[in-house]
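Please look over the sequence and the structure below before reading on.

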Amino acid sequence: MSAPVVIFIHNVKAAGTTMGDVLRREYGPARVRRVDGYRLGEELDAVRSIESEAPGSIAAYRGHMPFGLGAFIPRPCAYITLVRDPVARLVSHYRWVLRTPSARLHEEAVRERFTPRDYVARSTDAPFFNNGQTRLLGGSVDRPGELADEGTLERAMENLERFVLVGPVERFDESLELLRARLGWRHEPYERLNTTPPAREIADADRDAILERNQLDARLHEWVSRRFARELLARAAA
């Protein structure tokens, strides 16, 4: 049986750049295709074309995209993703935006002098990046603009039960070990990429503002962390 096509749903600021490097090292750069979540209609057409005209040429698709790309791929698929604590994720995203002039929200964040609490409350894209992990994992490529609600969280948990791996970013190395075991990957070294430099502890008001607007992601991260811990215990006992 041929190896499944890996579909990596890259949650923003959740070790996705590093995982992308792992995928390229494993399969070769030419066989890993990025899916642009801002142009999903065009991207789905491109995936259909690739899978029709050059089946087997792509070993892994990766990108900031909602769940469901596998419906457009007539081969077995293996979904993987990483989930991060929402406070750490959004502080990292905020700081990345401030130091990256090419970032979509850089000009707005600098002009408005956003603090982290302002960023999650007033940024143009706040409705999309707040609870953004739940939105992607419980959403659909057919409806990429939908925001997250309780139903999205329930669908996310249901979807994740079918993933080959969903791991907490905080346990990246152990997640990689499980992927090596489950997908037969080699034990290649990797480099941590696109990481945010260490910073002082954030203000309580910033932390509270982030949590207030990311309750779904907080619950998702807690659920993933507990589930992952059980998987590791089961593997150790086998």
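A residue counts as buried when its relative accessible area is under 20%, and as exposed when that value is over 50%. The model described here is a predicted one, and with that cut-off in hand, phenylalanine 163 counts as buried because its relative accessibility is 6%, which is under 20%.

**Aromatic pairs**

- In total, 6 aromatic pairs are counted in the model, and one of them is formed by tyrosine 79 and phenylalanine 163, whose rings are stacked at 5.1 Å centre to centre with 25 degrees between the planes.
- Tyrosine 79 belongs to strand β4 (residues 77-83), while phenylalanine 163 sits in the loop between α8 (150-160) and β5 (165-168), so this pair ties together parts that lie 84 residues apart in sequence.
- Tyrosine 79 is also buried, because its relative accessible area is 11%, which is under the 20% cut-off.
- Another stacked pair consists of tyrosine 119 and phenylalanine 129, with 4.7 Å centre to centre and 15 degrees between the planes.
- This pair links helix α5 (residues 116-122), which holds tyrosine 119, with helix α6 (residues 126-129), which holds phenylalanine 129, and the two residues are 10 residues apart.
- Both tyrosine 119 and phenylalanine 129 are buried.
- Phe67, Tyr79 and Phe163 are joined into a cluster through ring pairs.

**The sheet and a helix across it**

- Five strands make up an open sheet with parallel pairing, in the order β2-β3-β1-β4-β5.
- The strands at the edges are β2 (32-34) and β5, each of which pairs on one side only, and from one strand to the next the twist averages 15 degrees.
- Strands β4 and β5 run parallel and are joined by 4 bridges, and the bridge partner of isoleucine 80 in β5 is leucine 165.
- Helix α11 (residues 215-237) lies across β4 and β5, and its direction is at about 110 degrees to β5.

**Nonpolar cores**

- The largest nonpolar core has 29 residues, of which Tyr61, Leu69, Leu137, Leu160 and Leu220 touch the most other members.
- At least two residues of this core come from each of β1 (5-9), α2 (40-53), β4, α7 (132-137), α8 and α11.
- Leaving aside residues up to four places away in sequence, leucine 220 touches Gln133, Thr134, Leu137, Leu153, Ala156, Met157 and Leu160.

How values were computed: Residues are numbered from 1 along each chain as its sequence is written. This is a predicted model: local features need pLDDT of at least 70, side-chain atom pairs count only at pLDDT 80 or more; totals for chains, interfaces and linings use all residues. Side-chain values use heavy atoms; hydrogens and water are left out. Rings of Phe, Tyr and Trp (its six-membered ring) pair if their centres lie within 6.5 Å; planes under 30 degrees apart count as stacked, over 60 as edge-to-face and the rest as tilted. Buried means under 20% relative accessible area, exposed over 50%, partly exposed in between (1.4 Å probe, protein chains only). Two strands pair if DSSP finds at least two bridges between them. Axes are lines fitted to C-alpha atoms, for helices over the stretch in contact, and angles run from 0 to 180 degrees between N-to-C directions. Contact means heavy atoms within 4.5 Å. A nonpolar core is a set of buried Ala, Val, Leu, Ile, Met, Phe, Trp, Tyr and Cys residues joined through side-chain atoms within 4.5 Å.
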